[in-house]
Amino acid sequence: MGKESSPHIGIYGVANAGKSTLLNRLTGQQSAIVSPQAGTTADPVRRSFEIAGYGPVVFIDTAGIDDTASELGRLRVRKTWQTLTEVDLAIVLLVGSEPSPAERHLLDTVRANDVPALVLPERAANLSTDEILRRVRESMPESSQSVPPFFGERPIAAGDVLVFVCPIDSAAPAGRLILPQVQALRAALDARAVAVTVQPPQLPEALEMYAPRLVVTDSQAFREVVAMVGKHRPRTEVTSFSVLLAEQKGDKAVYTEGLKAVDVLKPGDRVLIIENCSHQATCDDIGRAKIPGWLREYTGVGDLRFTFVSGRDPLPAELYAVPGYFALAVQCGGCVSTRRMIQSRIHAARRSGVPITNYGMLIRKLQVRG
Ligand SMILES: Nc1nc2c(ncn2[C@@H]2O[C@H](COP(=O)(O)OP(=O)(O)O)[C@@H](O)[C@H]2O)c(=O)[nH]1
Ligand SMILES: [Mg+2]
């Protein structure tokens with residue numbers, strides 16, 4: 001499990017409550033700048049840390065939620081609120097023994113986002129670092145520890161052969177694999193399975209030689225790969241990296257239901273494409289170019305209107321304000337995100353009555369006409 005999948009813990013409070021001081025105390029590093037000047041912490045600061053007796057986590061130090069005097073301050077506060085969609089636990093650092101009105105608003109907002117809170121009064125000044133870490137361990141929700149296995153319910157055993165199909169085309173990053181491929185490879189090694197990695201042209205040979213129990217392909221090659229497997233090893237399951245991520249971090253039942261909306265798309269409908277990374281050329285290309293093209297082709301509807309969200313950016317305000325504003329939302333696999341972040345995006349779509357599905361499941365439908 002990489003750090004992107006580790007539980008995330010946000011540190012919240014008013015300006016100068018001592019949030020950055022607390023991060024430095026907890027991690028034993030001078031990672032965050034501490035100063036008496038409000039607004040010292042601008043963008044949320046993320047620090048990986050291994051909590052003894054628990055495991056790896058990512059702490060996020062945030063800007064004070066009362067930093068609203070300037071436009072820049074309001075931007076910082078907005079970034080702080082955005083982190084509530086990805087954290088598994090909120091440490092709320094109070095200045096006094098009881099919450100002030102601003103701190104009460106903070107606690108309400110944390111609760112409204114369904115994030116469990118660990119409230120530390122009086123700047124946690126009277127608590128030892130070990131005691132704070134003990135309380136953090138105790139407050140972590142169980143859900144943050146039980147990320148489903150990468151291969152889902154598939155019984156992958158030691159010695160099983162898996163074939164990974166990774167096209168190296170112009171959209172592939174130079175000199176490396178993309179994160180879902182790396183994660184799949186690691187999960188295969190953890191299972192003591194035998195992982196064979198090929199580009200599509202080498203797949204028939206790999207199928208003949210290794211008789212794999214599972215073929216996992218990049219979504220883009222789905223159609224091609226299904227055809228090859230159907231010809232050479234018709235009983236072998238084919239899935240995609242994105243579908244595996246959909247099962248692990250998303251909600252397969254919700255996504256399956258969401259897929260039905262594809263068949264009733266009509267002219268003028270809006271489609272929301274949610275990609276959680278903003279740096280992977282492949283995802284960008286799939287979300288911004290390929291999916292819109294394939295959707296138009298499959299539905300025969302030319303004037304679908306697409307809205308794109310990338311990285312940790314918030315979902316568009318219209319999603320919340322106008323029920324049914326979007327006819328469909330499509331979420332990427334979320335390889336760089338916490339499970340909690342994907343779950344909160346699914347909840348946001350559902351609360352607004354917008355059907356939501358996933359990149360891989362949608363591409364499979366559009367390509368294989370399933
Ligand atoms: N008296 C006191 N001062 C503190 C405490 N924690 C932090 N400070 C000071 O308060 C100021 C703001 O701390 P900082 O960690 O930057 O606060 P942040 O804005 O919440 O990140 C700094 O001058 C710290 O040295 C504390 O527990 N007691
Ligand atoms: Mg700070």
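These exercises with worked solutions treat a predicted model.

**Exercise 1. The ligand site**

Solution. 
- Next, take the backbone. A backbone N or O atom of Gly18 sits 2.9 Å from a ligand oxygen. For a backbone N or O atom of Ala17, the distance to an oxygen of ligand 1 is 3.2 Å.
- Then turn to side chains. Thr21 places a side-chain N or O atom 2.6 Å from an oxygen of the ligand.

**Exercise 2. The largest nonpolar core**

Find the elements that build the largest nonpolar core, and trace the contacts of Leu362.

Solution. 
- Size the core. It holds 39 residues. Val262, Val271, Ile291, Leu295, Val330, Ile356 and Leu362 have the most contacts inside it.
- Assign the elements. Two or more residues each come from the helices α8 (241-249), α9 (252-259), α10 (281-299), α12 (339-351) and α13 (359-368). The strands β10 (270-275), β11 (305-310) and β12 (328-331) also give two or more each.
- Look for another core. A second, separate one has 37 residues, including Leu84, Leu93, Leu94 and Leu127.
- Trace Leu362. Beyond four places in sequence, Leu362 contacts Leu259, Val262, Ile291, Leu295, Val330 and Thr357.

**Exercise 3. Helix α13**

Decide whether α13 is mostly covered or uncovered, and find the residue that caps its N-terminal end.

Solution. 
- Count the buried residues. Eight of the 10 residues in α13 are buried, so the helix is mostly covered; the cut-off is under 20% relative accessible area.
- Name them. The buried residues are Tyr359, Gly360, Met361, Leu362, Ile363, Lys365, Leu366 and Gln367.
- Check the cap. Asn358 caps the N-terminal end, with a side-chain oxygen 2.8 Å from the backbone nitrogen of Gly360.

**Exercise 4. Buried or exposed?**

Classify Val115 and Leu72 as buried or exposed, and place each in the chain.

Solution. 
- Take Val115. Val115 lies in the loop between α3 (101-112) and β5. Its relative accessibility is 5%, so Val115 is buried.
- List its partners. Outside four places in sequence, Val115 touches Leu84, Val87, Asp88, Leu89, Ala90, Val110 and Arg340.
- Val115 and Thr338 are 223 residues apart along the chain, with 14 Å between their C-alpha atoms.
- Take Leu72. Leu72 belongs to helix α2 (residues 71-82). Its relative accessible area is 54%, so Leu72 is exposed.
- Leu72 and Ser97 are 25 residues apart in sequence, and their C-alpha atoms are 30 Å apart.

**Exercise 5. An annotated stretch**

Describe the composition of residues 156-250.

Solution. 
- Consult the record. An unreviewed UniProt entry places "domain: Hydrogen maturase F dimerization" at residues 156-250.
- Read the composition. This stretch is 42% helix and 19% strand.
- Span the ends. The end C-alpha atoms are 21 Å apart.

How values were computed. Residues are numbered from 1 along each chain as its sequence is written. Chains are lettered from A and ligands numbered from 1 in the order in which they are written. This is a predicted model: local features need pLDDT of at least 70, side-chain atom pairs count only at pLDDT 80 or more; totals for chains, interfaces and linings use all residues. Side-chain values use heavy atoms; hydrogens and water are left out. A nonpolar core is a set of buried Ala, Val, Leu, Ile, Met, Phe, Trp, Tyr and Cys residues joined through side-chain atoms within 4.5 Å. Buried means under 20% relative accessible area, exposed over 50%, partly exposed in between (1.4 Å probe, protein chains only). Helices (H or I, at least four residues) and strands (E, at least two) are DSSP runs, numbered from the N terminus. Contact means heavy atoms within 4.5 Å. UniProt positions are given in the numbering used here, feature names are shortened, and annotations may be inferred rather than shown by experiment. A polar contact is a pair of N or O atoms within 3.5 Å; within protein, one must be able to donate a hydrogen and the other to accept it, and residues adjacent in sequence count only if both atoms are side-chain atoms.
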